[in-house]
Amino acid sequence: MKKSVKRNLIAAAFIVPSLFIFINVVIIPFVMGIVYSFTDWDGFQFAGSKFVGFQNYVQVFQDSDFLTSFGLTFKYAVCMIILVNVIGLSLAMLVTSKIKSRNLLRSIYFLPNLIGGLILGFIWKFVFTKFFVQVGEVLGNSSIFFNWLDDPTASFWALVFVGTWQMAGYVMIIYIAAIQGVSDEVLEAADMDGAGGWMRFRKIMFPLIMPAFTISLFLTLSNAFKQYDTNISLTNGGPYGTTELVAMNIFKTAFSMNQYSLAQAKAIIFFLVILVVTVTQVVISKKREVEQ
Amino acid sequence: MKKKVGAAVLSVAMLSTLVACGAKSDDGANKANSADTTSKGTGKKAVITIIQNKVEIQGALEDAAKEFNKTQDKYEVQPLGAAGDNLMTVLQTQFSSAPEKAPTIFTTASGSEFQKYLPYMAPLDDMKAASKIVEGQDTAARSDGKLYGLPVALEGFGLIYNKDMFKEAGVNADDIKTWDDLVAASTKLEQVKGVKKAIAYAQESYFRFMHPFNWPFALMKDTSGTIAKINAGELKLQDIPELKEYVADLDKIKDHTNLSKDTYDEQVAGFAAGQYAMIHQGNWAQGLLNDYDVKFEYGFLPVPFEGNQGIAVGNSNFFRVNKHASEDQQAGAKAFLDWLLTDPAGQHYVTDEFNFIPVYSGFDTSKMDPLSQEVNRYASEGKTVKWVFDQFPAGADQEFANQVEKYYAGKLTGEGLLEALQNVWMTAVKK
Amino acid sequence: MKRRNRSSSILLEVIAWVSGLLMLLPIYIMLVNSFKGRSEIFTDTFGLPESFSFEYYAAAMDKMNFLSAFKNSLLVSIISIGLIIIFSSMTSWMLVRLKNKLSNGILLLFVGTMLIPFQSVMIPLMQYLNKWDIPSLHFSMINTHYGLIFMYIGFGLSMSVFLYHGFIKGVPIALEEAAMIEGCNTWQTFWKVVFPMLTPITMTVGILNLLWIWNDYLLPSLTLTSPALRTIPLSTFFFFGEFTIQWNLAMAGLVVSIIPVIIFYLFAQKYIIKGVMAGAVK
C-alpha cells in the first residue's frame, strides 16, 4: 500500500508539471473558446455576452463559403498527406543511402523549413507570377509554365506544391531518425539473404519505420488542416476566393467580419471533424504497426 | 492507482484555477497600482505607448518620440511595432484582454472600425490640435458631437502619370476631359517603346475595388442617401445609373490595363520602369517611388469619370487615445499629439520625415514631396472628390475585390459584375 | 550485378541533385534579392545582383536592432526547447510505462489538441493569462519572456510528447529493469539510463521546435509589446507594411536570422547519428 502511494507520487512528479502548463496554456483557453461559441461574444471582454444556444452552429452550416473551404481543405490535406510522405520518405532514404553527397543533400533538403510560411509564400509567388511566366514565354505556349495563381485549379495545386516542398523536408527529419534506428546488422543480414531493394524496404525497413510513419502522417494531417500562412501569402484565397482554406476562412470571419463567436463555432466544428479523421487514421495505422 | 493519478490531474486543474482566482480578485488593486506607479508622486514617468499602421514612418516616429521625451520630464513616449496586417489582430487581442494595458495611442480607420473601438476611445475635444483640424476633416471621427480621433494625414488618389512619357507620346494631360479622351490617350501611350499597358491597378482589395469604386459613389448626387437605400434593400447597384456608366467605362478601358494583376509593389515598380504610363494610386506611393529612384517627372491626373476634374482627397486614418489608460497616460498622450501636430519641432517630423500632408492649419508646407504638393494644388483649386468608401459595408472589401477580379478575368460581364457586387453588399449588410 | 548497382547509384545521385536544386530555388531567390535595390528586384527577380554590397544587410540589422533581437530569440528558444525536452520526455516515458487507461487518456489529450487552430484560442489565451498578474511582485505573463516561454512550453508539449511517446515504445525495458535492480531510483533511471538512449529523438524534437519557435511571429506579437523584448521575427515588422514589403531588407534579415538554425542543425545532425550508433553498440 505504502509502496504504491510512493509509486503514484513518482508517476505524478513526471506527469504533473507538463500537465499543469498544458492545461493552463491550451486546455483552459480552448474550453473558454467552446463557451464563447455558444454566446454572442463580440471579440472584446466576455462579460456581458449573452448565451445564444446553438445559433452560431446553425449559422455555420448555412455558410456556403465555409462549407466550400472545408471541402477544399480536405482535398488539400489528402494531397498533402500522400505527397509529403512519399517525397519525405524518399528523401530520407536517399540521404541515408550510400550516395556520395548525402550529408550535403541532407542539409539542403532541410533548408526550406528555415523560411517561415509567410515569407515562403511570398517567394513562391515570385516564382509563379514571374519565373513561370518568363519560362513560358521562352518556351512558347506552355501548358505548365504559366501563372498558376491566375487559375483556380492551378492555384490550388500551387498551394499543394509549396506545402509539399516545405513539409517534405520536415517529415524527412523524422524519417531519418527512424531509419537511423534500423541497425546496419539487420540490413546486412537482409543483403546476405539476397533480399532486393524493394523486398528489403517492404519487409525490413517498412515495419521498423512504421511508428515514424504514424507520426508523420499525423503531423502532415494536422499541419495541412491548420495551413494558414502559405494560404495568405501565396494565393490570399485567390483567384476570386477559390482557394480559401478553413483556417483562413475562420480568421477572416473573426478579424474582418467581426463575427467572433461564429468564428469560434467554426473552429470547434472544424476541430471535431479533424479529430474524428485523425483518430481514425491513428487507430488504423497503430493497428497495422502491431500487426506488422 | 488510476484514482491517484486522477486526483493529481484534478489538483493541477484546481491549482490553476486557484492562481487565476487569486489574480482575479487582485484586478481592482492592479489597476490602481499601475496608475500609482505612473503617477508623479513616485517620481516615475508615465509611459505612453503608441502603435500605428504605417511601418514606413516607424523610424521617424521613434526619433520624434525621442525628441519629445527630451523636451519634458513627465512622460516617456514609446512607439510599439506591428507589421501592417498584424496591427488589427494585436489591437483586438489587447483590448479584449486588458484594455488598461493596451497602447495609449493607437490608429484605426473611420467607418466600421471607428464604431468597433469607440468604447475604448477618449474624447479629444479639449486638445489644441483639435481646434486646428482643416474644416470638414473631423466629421468621420465624431460621435454624439464629440471628437474621438485626430486625422493622421490628408491623402489623395487618382492617376499618377509619367509626364515624360506623355510628352513622348504627344498626349497633353490637360486635354483628357472625358473617359473617351482617356481611352484615346491610352491607345497612343501604348505606342511608346517599353510600355506594356497604359494603366495599371494593383491587386490589393483597396486598390482593386475600394479606391476605383470610390469614383461613381462619390460623384453621384446623394451618396449617403443612395447607400442607405442600398442597405435597406430598396435600391440595387445594377439599377444605379452612375454605376452602370462606370462599369461601361471600365469595359472600354479594360484592354488598356494590367487587369489589376500586379501587387502594389509590382505596380509601382512597373510604373518606375516605364512599363505603365499611369497607375491608379495615391500620394502614399511617394516613398516607394523614391526607393525605386524614378528619373522622370510625374504628377496626378483626375479619373475623368463623367468629366470629373478632381482627385479623391480625404483621410480615413485617425489617432485615438485609449480611454482605459491611466489619467496620466491619457494626459501624456494628448501632450505628445499636441506637440507633434502643433509645435513646430513636432510638425517638422510630420511633413519632412513622415512625408504626410497635414490636416491641420499652421504647418509649413513649402518643403513637401512632389506628390503631396500635387494633392495640395488640387485641394487649393477646389478640385477634389470625397472619400466615401468607408461607407461601403464593413469587412467585405476582399469579397468585393474578388468579384472585380472575376470581371477582369472575363468570368463576369459588366452587368454581371454589378449583380455580383450587389450580392456581396447585401450579404455583408445582413451580417 | 555490380554494374547495375553503379548505374542505379548514378541515377539516384542525379535524382537527389535535381530535387536538391528545386529545394534551393527559393533559397537562391532569397539570397540574390538580399543584394538588390528595390526596383531591381522587380525588373530582374531571378538574375544575379548588379553588385554584391552588404548595405542592405547592414541596414536590415540596424533597423532590426539585430544583436538585441538575436539575444532575445536565443534566450527564449533555448529555454523553451530545453524545458519542452525535459518535460515532454519525462511525461512520455511515464505515460508509456504506466500503460493504463488514464495514461492513454492523457496522451490523447496531448495529441488531440495539436489539431486546435491557434487562431481560435489566442484571444481566450491572452484574456486568461492576463489574469495571472501579481503587480506587487512585478509578475506578469504578458510582456515578459518567461510568460512567452511558458506558452511555448504549453503549445510545444503536444507534438513533443507525441514524438517521444512513439519512440519510447520501441526502447527495450530490460535496461531500465537492470538499472532498478542495481539500485537506481526512478529519477536516476530515467536520466542516467533512458534519456541518453533518446538522443536521436531528442535532437529531432529540438530541431522541430526550434524551427517553429525561431520563426514564430503571431504569438510573440500578441504577448511582447516592449521593443526591448522583441525576438528576431518581431523585429522584422519594419519591412512589412500594410501593402508593401521592403524585399531587400526582409531577405537580408531572413538570411542572417536563419544562419543560427543551420548551425544548430548541422550540430544536431551529428548527434542523431552518434546517438544511434551509441545505442547500437549497447
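**A buried threonine, a nonpolar patch and the cysteines**

With a relative accessibility of 13%, C:Thr144 falls in the buried class (buried is under 20% relative accessible area, exposed over 50%, partly exposed in between, with a 1.4 Å probe and protein chains only). This is a predicted model, where local features need pLDDT of at least 70, side-chain atom pairs count only at pLDDT 80 or more, and totals for chains, interfaces and linings use all residues. Residues are numbered from 1 along each chain as its sequence is written, chains are lettered from A and ligands numbered from 1 in the order in which they are written, and side-chain values use heavy atoms, with hydrogens and water left out.

C:Thr144 sits in the loop between strand S2 (139-140) and helix H7 (145-168) of chain C; helices (H or I, at least four residues) and strands (E, at least two) are DSSP runs, numbered from the N terminus. Leaving aside residues up to four places away in sequence, C:Thr144 touches C:Leu224 and C:Leu229 (contact means heavy atoms within 4.5 Å). C:Ser77 lies 67 residues from C:Thr144 in sequence, with 14 Å between their C-alpha atoms.

Over in chain A, a nonpolar surface patch of about 500 Å² is built from A:Val78, A:Ile82, A:Leu83, A:Val86, A:Ile87 and A:Trp157. Helix H3 (residues 64-96) of chain A gives the most to this patch, with five residues. A:Val78 belongs to helix H3 of chain A and is partly exposed, at 45% relative accessible area.

As for the cysteines, A:Cys79 is buried at 14% relative accessibility, whereas C:Cys184 is partly exposed at 24%. Zero disulfides are counted over all chains (a disulfide is a pair of cysteine sulfur atoms within 2.5 Å).

Notes. Patch = residues over 30% accessible without salt bridge, like charges linked within 9 Å, V, L, I, M, F, W, Y side chains within 5 Å. Areas by Shrake-Rupley, 256 points an atom, 1.4 Å probe, with all protein chains shown as cover. Salt bridge = Lys/Arg side-chain N within 4 Å of Asp/Glu carboxyl O.
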